[in-house]
Amino acid sequence: MPLTKIQFQPGIDKQDTEYGAEGRWTDSDMVRFRYGLPEKIGGWTKLITPTLVGVVRDLHAWTDLDGIRYMALGTDRKLYVYSEGTAYDITPLRAGSPVSLTNPFTTNATTTVTVADTAHGALVGDFVTFASFSAIDGLDMNAEFEVISVPTSNTFTVTHTSTASGSTAGGGGAGTANYQINVGLAASAYGYGWGTGAWNVGTWNTPRSTSTVTINAREWSFDNFGEDLLATVSDGGTYRWDTSVGTGTRAAVISQAPTSSRFVLVSPTDRHVFLFGTETTIGSSSTNDPLFLRWSSQEDYTDWTPTVINTSGSFRIQDGSKIMTAVRSRGAILVWTDTSLHAMQFVGPPFVFSLNQIGANCGAVSVHSAVDVNGTAFWMSQNSFYMFDGAVKKMPCSVQDYVFDDFSITNQPETYCGLNAEKNEVTWFYTSSGESQIDRYVTYNYLEQVWSTGSLARTAWKDYGVYEYPYATKYSTTATATTPTILGLTDGASTFYQQESGTDDDGVALTAFITSGDFDIGDGQQLLHIGRGIPDFKNLVGSVDMALTFKTYPASSTSIIKTSTVVPATTKFDLRGRGRQANLKITSDALSDNWRFGTLRLDVQPDGGR
């Protein structure tokens, strides 16, 4: 009997049924499509062994005038800069630090130490570094601590790694306390406090049991002003890290800039600094308007108030409820609200910039949900994917229901879009329903116009360019960070990876699979019998398992699975099975496995019903 060639179209199709998706792939994990063929994705390795405090929400790479490369990493709790194999803590200090204190420590023969500081302003989870104090009950307090509790506005507690030898009220002598900026949330959450619901629908002075108010997670946004880093913390200040001062210094607030903004961006050629979702009155956070944007005077990130002798200015966008994101594109800065798209162009004095709406009902879902690829923008909205190449277009998506029917509404603001230009891929990392952190991805190959899905959890991503490989981060809620050394540190740590490095998960086998839709003969009029097959792989390393699943009907609750292991030397495999239809699943799960699948030839024969 002649062999039958079984071929499948590139891309994952989750919109159809398994039987209706004949000739297509229906499910995958850790698999991409290139040149029309499915292949296992590249692996990753840790860049540095130490882990970082908190969940990384943005990455930004640049090179200084001396050719030294840097990567900024912003978490819900810290700000880091990575350079030459080391991550440095450059988290800004709060205004007023350092604070001089005298005998602030109280011990109680445990590891808990109470610190007295009038109107300290610290929150649970904040970080404080003590210096120049004397030891108290055997405890050296000259270290960085996490604030564990805040009993009063004038006291807070920290945890030491050693137990105090006694109990002393008010000791330690004279020294200083450096408070870092307040930490944010690791994940977006519903607010249940006063004012989060309609009037008179609950009992007075009790928290709400339901809510429609979301408190967003801490986000960072980065850009360069020359060789220096500009960093804006969501709903907070904008900071500058001066590369010429070195990695031993912290980022410092730009005191002249607005004190409450959503994110930052520097215009490409004219060098105006933009702050989006910012204050209508500079220095007054209570005037923060989510639809308001400001730009500084040209070449001066300290000059924000418009005058006749500078080029600073502002706009307010009318369509939407908040500005979500902005990216530099061909000839314009594209600005998204939650409902619309706008193009901002430099036109020179006296107006400096023009702002035109170019799309409606096409808003972005998060601060980092859009990317520009050679003048074409791709982004994720609350329920669709879009592109702009001169016109706004809703992208046909063969996995749309799979993504958006299981998309966490609460955690949409953490969605992160990453570009992998070498593989022609735009990937959105997002949180599925019921989860609190990113756990899935959906990838679009913009050259071949195909989609794939999987479970790779990356909270931030930076494409190659400054560095030779893409870099990304993964967060664990149960791991404790190791850099910097912090006493009493609670769990929540990020690992920093180099992507497309090898074939494994940092030395652990990376499991990858892809599953086809059902195929039959004669539109299922006859049962089929498969006796043998000839595999076709390119660059197969290690082994893969090829499984054929046979069913009599699409809705059958029982099926027969026949599996054969294929190695580079395999010329054919024997699989004897029968059914009205069958599908193919390819799986690899051992160290160093790598493959690209071509076509499949099977010995398919009609069979009887007995």
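How do the residues of the lining of the largest cavity divide into nonpolar, polar and charged? Before I answer, let me say that this is a predicted model, in which local features need pLDDT of at least 70 and side-chain atom pairs count only at pLDDT 80 or more, while totals for chains, interfaces and linings use all residues. Residues are numbered from 1 along each chain as its sequence is written, and side-chain values use heavy atoms, with hydrogens and water left out.

Now to the cavities, where a cavity is a set of points, on a 1 Å grid over the protein atoms alone, at which a 1.4 Å probe fits but cannot get out, and lining residues have an atom within 4 Å of a point. Searching the whole structure gives 4 cavities of 30 Å³ or more, and the largest holds about 160 Å³ of space, a volume being the space filled by probe spheres set on the points, which are joined across faces, edges and corners. This largest cavity is lined by 18 residues, and the closest to its centre are Arg-32, Glu-425, Thr-427, Leu-456 and Trp-461. To return to my opening question, the lining divides into 8 nonpolar, 7 polar and 3 charged residues, where Ala, Val, Leu, Ile, Met, Phe, Trp, Tyr, Cys and Pro count as nonpolar, Asp, Glu, Lys and Arg as charged, and the others, Gly among them, as polar.

The second largest cavity has about 90 Å³ of space, and among the residues that line it are Asn-216, Glu-219, Arg-262 and Pro-413. Its lining divides into 3 nonpolar, 3 polar and 3 charged residues.

Let me turn to a sheet, with strands taken as DSSP runs (E, at least two residues), numbered from the N terminus, and with two strands said to pair if DSSP finds at least two bridges between them. Here 4 strands form an open, antiparallel sheet in the order β35-β36-β37-β38. Because β35 (370-373) and β38 (392-394) stand at the edges with a single partner strand each, one side of each is left without a neighbour in the sheet. Strand β37 (residues 385-388) pairs with β38 over 3 bridges in the antiparallel sense, and Phe-388 stands opposite Val-392 in β38.

Finally, consider Gln-499, which lies in strand β45 (residues 493-499). Is Gln-499 buried or exposed? Gln-499 is buried, with a relative accessible area of 2%, where buried means under 20%, exposed over 50% and partly exposed in between, using a 1.4 Å probe and protein chains only. Although Gln-499 and Thr-45 are 454 residues apart in sequence, their C-alpha atoms are 6.9 Å apart in space.

Terms used
1 Å grid on protein atoms, 1.4 Å probe; cavity = no way out; pocket = protein on both sides within 12 Å on 5 of 7 lines; lining within 4 Å.
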